[in-house]
Amino acid sequence: MTGLPEVLALDETGPDRFRSGPIPSEWARTFGGQIAAQSLMAAARTLDRSYSAHSLHGYFLRPGRPHEPTGHLVERLRDGGSFCTRRVTALQAGEAIFTVTASFHRGDEGFSHQVDMPAVPAPDDIPESDRINGWGMPRPAEWSHWEMRWVPGGERGHVPGAPACQRMWIRYGRPLPDDGAVHACALTYLSDMALLGSARLPHPPTAVQGASLDHSLWFLRPFRADEWLLYDQVSPSAEHGRALTRGRLFDTGGRLVAAVAQEGLMRFDRPRPTEGGDREISLSPPASTVPDPR
Ligand SMILES: CCCCCCCCCCCCCCCC(=O)SCCNC(=O)CCNC(=O)[C@H](O)C(C)(C)COP(=O)(O)OP(=O)(O)OC[C@H]1O[C@@H](n2cnc3c(N)ncnc32)[C@H](O)[C@@H]1OP(=O)(O)O
């Protein structure tokens, strides 16, 4: 299975133009975190390394096809003394599948405060799981290099009235290079994992069509994605076939290192023929894996 360094290895095809993939996947559509991570890497490649990403805001416009390459076209919106901004459009066959604006900063001095990390068991006190929380389903193979330990509680999903929140410890299970851009892209990748699942937890196992629609991410403090991060996820709202989700990421020292917000499609599914036998990113667990709500 392709690892993160290969996912982030972009070919430069021209000035401010990069190409990624194809990356094998068992899903019919490209994982959104992958496209966002690659586009962020394309933006970072056009900047001096003294700048590091502090935020990104993106829209998933069309489903990506994992078995085809993706072009990443970078526009230099502004180069300032402290902040630089890039817009990246990810394209397949000439059509935009994703667009993101990413901003980079080189450090200033200022005040410091943060919220406390929730009190949770340490990752070493929680068993490793190859299942997605609340679903009893195996993770897709492309996530196999990621280690996940679910904080007990969220596995009681699909019970009406269950809280729309879940927490997991997560890290990339192999050493990553000492390159801040790689760690920012790795966090971008993982930040799309399971986040929409938090919105699914209070609802019965009715079939829904799910996909990330937009994604915002703020990098707040230095971190490593190959060390444990607590991913605290909550969905404040679901309505009109869309769910809002938010996430916070803490390192093991309790430092708040990143914050995420996303709106996802979560509409009742109309049965459709699936293409080529690949799995759509369906937020519909098989009934046999769902805990009995009684
Ligand atoms: C399986 C294992 C997973 C494990 C499960 C674990 C869960 C627990 C953790 C989750 C973890 C994963 C999380 C990953 C999250 C991403 O990675 S998702 C990937 C990234 N995001 C995307 O790819 C979204 C890209 N954007 C789009 O696809 C499009 O913008 C949108 C959102 C579909 C909207 O486009 P649109 O043209 O306005 O769409 P629309 O016309 O409404 O419909 C499009 C198609 O759907 C059909 N459709 C419309 N309404 C419906 C409906 N209600 N029902 C069915 N079809 C419909 C339409 O007829 C149309 O069909 P075609 O004509 O194309 O055949």
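Helix 3 buries Ala181, Val182, His183, Ala184, Cys185, Ala186, Leu187, Thr188, Tyr189, Leu190 and Ser191. That puts 11 of the 12 residues of helix 3 under cover. The model is predicted. Its protein chain holds four helices and 14 strands.

**Overall chain**
- The protein chain has 294 residues, and 52% of them are buried.
- Among contacts in the protein chain with a separation of 6 or more, 71% join residues 24 or more positions apart.

**Helix 3 (180-191)**

**Helix 2 (32-44)**
- How many residues of helix 2 are buried? The count is 13 of 13, so helix 2 is mostly covered by the cut-off of under 20% relative accessible area.
- The 13 residues of helix 2 should span 18 Å at 1.5 Å a residue. The end C-alpha atoms of helix 2 lie 18 Å apart, which agrees.
- Ser39 sits in helix 2.
- Is Ser39 buried or exposed? Ser39 has a relative accessible area of 0%, so it is buried.
- Beyond its neighbours within four places in sequence, Ser39 contacts His72, Val88, Ala90, Phe98 and Val100.

**Largest pocket**
- By class, the lining of the largest pocket has 15 nonpolar residues, nine polar and nine charged.

**Annotated domains**
- UniProt, in an unreviewed entry, places "domain: Acyl-CoA thioesterase-like N-terminal HotDog" at residues 24-105.
- Residues 24-105 are 16% helix and 49% strand. The end C-alpha atoms of this span are 34 Å apart.
- The unreviewed UniProt entry also carries "domain: Acyl-CoA thioesterase 2 C-terminal" at residues 158-265.
- Residues 158-265 are 15% helix and 47% strand. Here the end C-alpha atoms lie 18 Å apart.

**Asp269**
- Asp269 falls in the segment after strand 14 (256-268).
- How exposed is Asp269, and on what value does that rest? Asp269 is partly exposed, because its relative accessible area is 33%, a value between the cut-offs of 20% and 50%.
- Not counting residues up to four places away in sequence, Asp269 touches Ala207, Val208 and Gln209.
- Asp269 and Pro121 are 148 residues apart along the chain, and their C-alpha atoms are separated by 37 Å.

Conventions
Residues are numbered from 1 along each chain as its sequence is written. This is a predicted model: local features need pLDDT of at least 70, side-chain atom pairs count only at pLDDT 80 or more; totals for chains, interfaces and linings use all residues. Side-chain values use heavy atoms; hydrogens and water are left out. Helices (H or I, at least four residues) and strands (E, at least two) are DSSP runs, numbered from the N terminus. The expected span of a helix is 1.5 Å times one less than its number of residues. Buried means under 20% relative accessible area, exposed over 50%, partly exposed in between (1.4 Å probe, protein chains only). UniProt positions are given in the numbering used here, feature names are shortened, and annotations may be inferred rather than shown by experiment. Ala, Val, Leu, Ile, Met, Phe, Trp, Tyr, Cys and Pro count as nonpolar, Asp, Glu, Lys and Arg as charged, and the others, Gly among them, as polar. Contact means heavy atoms within 4.5 Å.
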